[in-house]
Amino acid sequence: MISALFYLQACSGWNRILARVRRLKKPKYLVGLLFGGVYFYFFLFRYGAAGSHSRSRVTVPTFGDLSAYAGAIELLAALVLMMFLLSGWILPHERAALAFSESEAVFLFSAPISRRTLVHFKLLKSQVGILVTTLFMFVISNRFGARGSPWLNIAGWWIILATINLHFLGASFVLTRLLDAGWGNRRRRLAIFGVLAIAAGAILYVARDSLRLPSEAEVSSPRAFANYLQAILGAGPAPWLLYPFRLIIRPYLSREAATFLSALGPALLVLVLHYVWVIRSTVAFEEATLAMAQKRAKLLTAARHGQLGIINPKARRGPFNLNSTGPAPTAFLWKNLIAAGNLFRTRSVVIMLIVLVTVGFSTGMGSMRNGMGAVIGVLVAISFLWSVMLGPLILRYDFRSDLRSMDALKLYPLAGWRVVLGELLAPVLVLSVIQWLLLVFGVIGARLPPGAGSFGFQERLAVACGLALVAPMLNLVSFLIPNATVLLFPTWFQPGQDQTQGIEVTGQRLIFGLGQFAVFLVALVPAGIAAGIVVFILGQLTMPWTIAVPVAAVPAALVLGLEAAAGIALLGRIFEKFDLSSEPPA
Amino acid sequence: MIEVEGLTKLYDAFVAVEDLSFTVRPGEVLGLVGPNGAGKTTTLRCLSGIIPPTRGQVRIAGHEMSSHPVEAKAALAFFSDEPRLFDYLTVEQHLNFIARVYRVPDWRNRAGSLLDELELTEKRAVLPGELSRGMKQKLAIACGLLHSPQVIFFDEPLTGLDPYGIRRMKTTIQRRAQEGATILISSHLLHLLEELCSHVLILKNGHKIADGTVDEVTRRFSAQQTDVSLEEIFFRATSDPVVPPAPPPNPPIA
C-alpha cells in the first residue's frame, strides 16, 4: 500500500514540475525564472556552492572562526534543541493531526489503508519540507560562516530536522492518549512544569558549587564569555542531561569526515528510536486531521485575501450610508472598508487621534522631552517611510481580495477605470489616514536630539502639512503596481491553489518589486520638479520655507494625481481585457 | 434580445468556440446543451462580457458588447453555477452595493420583495459564509434580478439546489420569461430544458450542431419517430455513430 502512496506523492510532485515547466512557454514566467535563478545564485547559493578557495574571494559578514567555542556551542545548541522539543509537549492543545490537505484526507481516510501506513505516508510527505528546509538552513548557516564539507552540513541539518519532525509527531500522539485518558491541557501542562521545576531544582542543588554569575573579566570579550558559558554548562549534570540532544547535533557540528562518521551512528540511533516510538504509538487522528485540513485551507484563503489569521469573518455595519445614486467607485470604497474591519472606522480613528495627541503632548512636557521627542521623531520618520514602502503590500483590500469575484466585477455595467479607481480607494484611504495620524503624532511629540539644534512646532507643522498633502496621491500611485500585478499575473493570487511557489514566481515578484520601486522613483521626479520650481519661486519672493513647503506640496500632489489618473486609465483598459481563463494552470 | 454573429473564442491554438451565430428574442428561453468541453460556459462568459471573444459580435438588448459594454451589461444578468459573493458583505449589503453599481433608485422596495420571494428576509444581516449553498444561490439571484434585467444567462442553475430550490428556480425562470425577458440556460439537465425552453441550441467541440425551436430540432433528429425525448435527440446529435443504449427501466420496488 505504501507504494501506492509513494506513487501519489511522486506523481503529484512530477506533475507539478511539468506544469511549471509548461508554464515557462509564457515569456513572463521564463523571464521570472531567469531573474529568480540569478537572484538565488548571487545571494544564497554562491556561498553554499563556493569551496574554501572561492569563499575567500567572497566578502560576506560572518561570525568568524568558531572552533575555539565548539564545546560551548554544542552545549548551547543542545539546550536550545531541548527547549524547542519541550515546546512540543507544552504548547499543543488539540488532538494529534497529520498535515494532510483536504483532498488527501478525504481520499485516504475512506480508502482501505491502515493508520500505520498513513503515518508512513505522512513521514514520506514531510520529507519534501524537511529537504527544502535542510537546504535553506544549510545555505543560511553557510553564508554566515559555517565551515566544513557542504555534504556533511546538509546531512547534519537533515538529521536534526528529521528528528524534530518525528519527536513532535510522537509527542502529539502521546498528548492525544493523555487527552483520551482524561488529562486535560491544563493538568498536563501543570504536570510538565512540575517535573521541569523539580529537575531544575535538582540540577541547581547538585551544581550549586559550580554555578556563579560571570565576573567582569568574563563579560569583557566574546571569547571570555564563551569560556564562562562552557565552564558553567560543562559542570554538574547539565552535560549528561543534554546528552541525547548533543548526540543529535554532533553530526552537524562535525567539520571532518572522520568525526562526522563517529557522530553519525549515535545520532541515527536516536532517529531510529524516534521512528519506532512514532510507528508503535499511532492513535485516532482522522477527525482532527480533517478539521486541521479545513482550517488550514480557510486560513490560506483568508491570508490570500489579506485577512491573516481570520477564518470566520463577522458581519459589520457599513462605514457610511451608501445611496443608490452617485459615483460607482464609492460603492467599492464602501464595500472594501467593510472588509477592512473595525480598526478602520471613524470612531477608531478618532480614538487613535486622541491617544496620539495625549501621548504626544505628555512626552513634550517632562524634563526628558528632548530625549523622548527624538525617539518619537525617529519612530515617526521610520514608520512613515515603511508605510509608504510596505503599505501597498500589507493592505490588500483591492483587486487582490476580489480576484475570486472577478467574474462578478466584470459583469458590472461600469467602465474599467471606474472599477479600478473603486478598488484602489479603500486601501489608499486607510493608508493615508494612518500616515496622517503619524504626522499629527510627529508634529506634537517629535523633537531633535539634545544639542542638535531646534526644529520648532512651526517647522514640524510645515513639513507635516506638505507630506499630508502629497501622501494620498503618492499612495494612489503606489497601489497601482500590486493591482497591475493582479491583472497581469492573476495566478499568483488565486485563493486555495498552490500556484504561488517556485523560483520563477520569486523572480517575477523581484521584478515587480524593483518595478514598483522604479515607478515610485519615476513618479516622484516630475512631482519633485514641480515642487522645486514652486519653492524656488517662493524663495525668490523671500517667502519663509515653512510656508513654501506646504504650498509646493499642492502642485506636487497634482502632478502625482495626474500620473495616478493615467495609470488608472491604463489599468482600466487592462481590466476590460482581463481573462483569467487564459492563464496556464500550475 | 440576444444577437450573436460569428462568435469565436480561441485560447492560444485551442478553439473553444468557433463561428457561432444565433438570436434569442424577448420571451424566448434558449437551452444551450452539449457534452463536457463543448464550449457552453465559454459562450456564456463571452455573451455576458466576462471574457472578450476573439472574433464575432454580440449584441445584448440592441447594444454591441465590444463597443458599448456598459449599456449591454446594464441590460443583463448572469448566474454562474457557483455563486460569486463577497465574503464580508451581508445579504442586505450585497443588495445595497449592487443597487449603487446598477443605479437602482427604489432598491429598498425591490430588495424587500425579492428577499420575501426568495425567503431570505430573515437572513438580511447574515454573511454568505453562514448561508447554505441554496441560500447563496438565492442571494445571487436576488442580486442579479434587482435591476430587472432584460437578458438573463443561467449556467447550470440547479447545481446544489434541493427540491424546493429547484422548483423555485424553475418558477423564477418561467416568470421572467413571461414578463418578456430573454433567457439563455446552459445545463446538462435535459429534462429541465425540455420543461422550460422554447428553443434549443446544441454545441459540440465549439461548433453548433443544431438550433431552433424544440420542435424543429426534435423533428430534425427524430428520424420520423414520434415521442422522441430531448435526451434521445441530444445523443443522436452529439454522439459518434455508436450511441450508448438507453438504460432499462428500473424494476418496481417490492
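Colleague: Leaving aside neighbours within four places in sequence, which residues is B:L146 in contact with?

Modeller: This is a predicted model, in which local features need pLDDT of at least 70, side-chain atom pairs count only at pLDDT 80 or more, and totals for chains, interfaces and linings use all residues. Residues are numbered from 1 along each chain as its sequence is written, with chains lettered from A and ligands numbered from 1 in the order in which they are written. Two residues are in contact if their C-beta atoms, placed from the backbone, lie within 7 Å. On that basis the partners of B:L146 are B:L95, B:I98, B:A99, B:Y102, B:V104, B:W107, B:R110, B:A111 and B:L114.

Colleague: Which residues have the most contacts inside the largest nonpolar core?

Modeller: A nonpolar core is a set of buried Ala, Val, Leu, Ile, Met, Phe, Trp, Tyr and Cys residues joined through C-beta atoms within 7 Å. Buried means 20 or more other C-beta atoms within 10 Å of a residue's own, exposed 12 or fewer, and partly exposed in between. The largest such core has 140 residues, and those with the most contacts inside it are A:V470, A:L560, B:A142 and B:L146.

Colleague: Which helix gives the most to this core?

Modeller: Helices are DSSP runs of H or I with at least four residues, and strands are runs of E with at least two, numbered from the N terminus. The helix that gives the most, with 16 residues, spans residues 416-445 of chain A and is α19.

Colleague: Where does the kink in α21(A) lie?

Modeller: The bend at a residue is the angle between axes fitted to the seven residues ending there and the seven starting there. The kink is about 25° and comes shortly before the proline A:P526, at A:V525.

Colleague: Is A:G539 buried or exposed?

Modeller: A:G539 belongs to helix α21 of chain A. Because 12 other C-beta atoms lie within 10 Å, A:G539 counts as exposed.

Colleague: What is the radius of gyration of chain B?

Modeller: The radius is taken over C-alpha atoms, and the globule rule is 2.2 Å times the number of residues to the power 0.38. For 254 residues a compact globule would have a value near 18 Å, which agrees with that of chain B, 19 Å.
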